[in-house]
Amino acid sequence: MSDVGLTTRKLRILMTNDGRPVHVAERNAKKDATNLVVGPGDTIEWTANKSFGFTIRLVSVDGAAISSNPFSNWSSHSESCAADGQVIGILKSDPGGVAIKYNVEVAGKMILDPQIIIET
């Protein structure tokens with residue numbers, strides 16, 4: 001079990017030179033983050049390896065349409081940043097599911113495969 005609320009996971013969105021997102025990796029551990037395992041209350045920080053703004057858009061929770069936002073600091077089902085910025089999501093103590101799929105979007109280009117797994 002993770003240290004609930006104490007862990008910050010730093011993710012890096014790897015992009016091509018034209019800004020197409022191709023992969024998500026854990027920045028400090030330099031490992032794949034396609035299926036990131038976190039605990040309730042943990043923080044996730046997304047940055048990009050290229051100077052493009054991007055959007056993290058939630059797609060589904062446990063395979064169903066998004067009915068509630070799992071992040072306490074987001075007011076909608078997506079969060080954006082400008083070039084060289086970051087998106088931060090703080091998971092609620094009860095995020096409402098255990099598997100959250102999301103898209104990374106850059107100027108209409110997206111990667112569809114990442115997901116966040118909530119460890120309970």
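**Notes on the predicted model**

1. Pro21 belongs to strand β2, which covers residues 21–26. The model is a predicted one, and in it Pro21 is buried, at a relative accessible area of 3%. Beyond four places in sequence, Pro21 touches Ile13, Leu14 and Met15 as well as Val104, Val106, Lys109, Met110 and Ile111. Arg9 is twelve residues from Pro21 along the chain, and their C-alpha atoms are 19 Å apart.

2. The largest nonpolar core has 27 residues. Those that touch the most other members are Ile44, Trp46, Phe54, Ile56, Tyr102 and Ile116. Two or more core residues come from each of β1 (8–15), β4 (35–38), β5 (43–48), β6 (54–61), β10 (99–106) and β12 (115–118). In soluble globular proteins, nonpolar side chains tend to be buried together.

3. What does Ile44 touch, leaving out residues up to four places away in sequence? The list comprises Arg9, Leu11, Leu36, Val38, Phe71, Val87, Ile88, Gly89, Leu91 and Ile116. Ile44 is also one of the core residues named above for touching the most other members.

4. Four aromatic pairs are found in a search of the whole structure. One of them joins Trp46 and Phe71 edge-to-face, with 6.1 Å between the centres and 85° between the planes. Because Trp46 is in strand β5 and Phe71 in the loop between β7 and β8, this pair ties together parts 25 residues apart in sequence. Trp46 counts as buried at 0% relative accessibility, and Phe71 is buried at 1%.

5. Trp46 forms an aromatic pair with Trp74 as well, and this one is tilted: 6.3 Å centre to centre, with 50° between the planes. Here too the pair links distant parts of the chain, with Trp46 in strand β5 and Trp74 in the loop between β7 and β8, 28 residues apart. Trp74 counts as buried, at 6% relative accessibility. Trp46, Phe71, Trp74 and Tyr102 form one aromatic cluster.

6. The side chains of Gln115 and Asn35 make a polar contact of 2.8 Å. Leaving aside neighbours within four places in sequence, Gln115 is in contact with Ala33, Thr34, Asn35 and Leu36, and with Ala99, Ile100, Lys101 and Tyr102.

7. Asp84 sits in the loop between β8 (78–81) and β9 (87–90). Asp84 is exposed, with a relative accessible area of 64%. Not counting residues up to four places away in sequence, Asp84 touches Ser51 and Phe52, and its side chain makes a polar contact of 3.1 Å with the side chain of Ser51. The C-alpha atoms of Asp84 and Ala48 are separated by 7.1 Å, although these residues are 36 residues apart along the chain.

8. The backbone of Asp84 deserves a look: its phi is positive, about 65°, although Asp84 is not a glycine. Asp62 is likewise not a glycine and has a positive phi of about 55°. Asp62 lies in the loop between β6 and β7 (64–65). With a relative accessibility of 44%, Asp62 counts as partly exposed.

Methods:
Residues numbered from 1 in each chain as written. Predicted model: local features only at pLDDT ≥ 70, side-chain atom pairs only at ≥ 80, totals over all residues. Heavy atoms only, no water. Core = buried A, V, L, I, M, F, W, Y, C linked by side-chain atoms within 4.5 Å. Buried < 20%, exposed > 50% of the residue type's maximum accessible area, 1.4 Å probe, protein only. Helix = DSSP H or I, 4+ residues; strand = E, 2+ residues; numbered from the N terminus. Contact = heavy atoms within 4.5 Å. Polar contact = N/O pair within 3.5 Å; in protein donor to acceptor, adjacent residues only side chain to side chain. Phe/Tyr/Trp six-rings, centres within 6.5 Å; stacked < 30°, edge-to-face > 60°.
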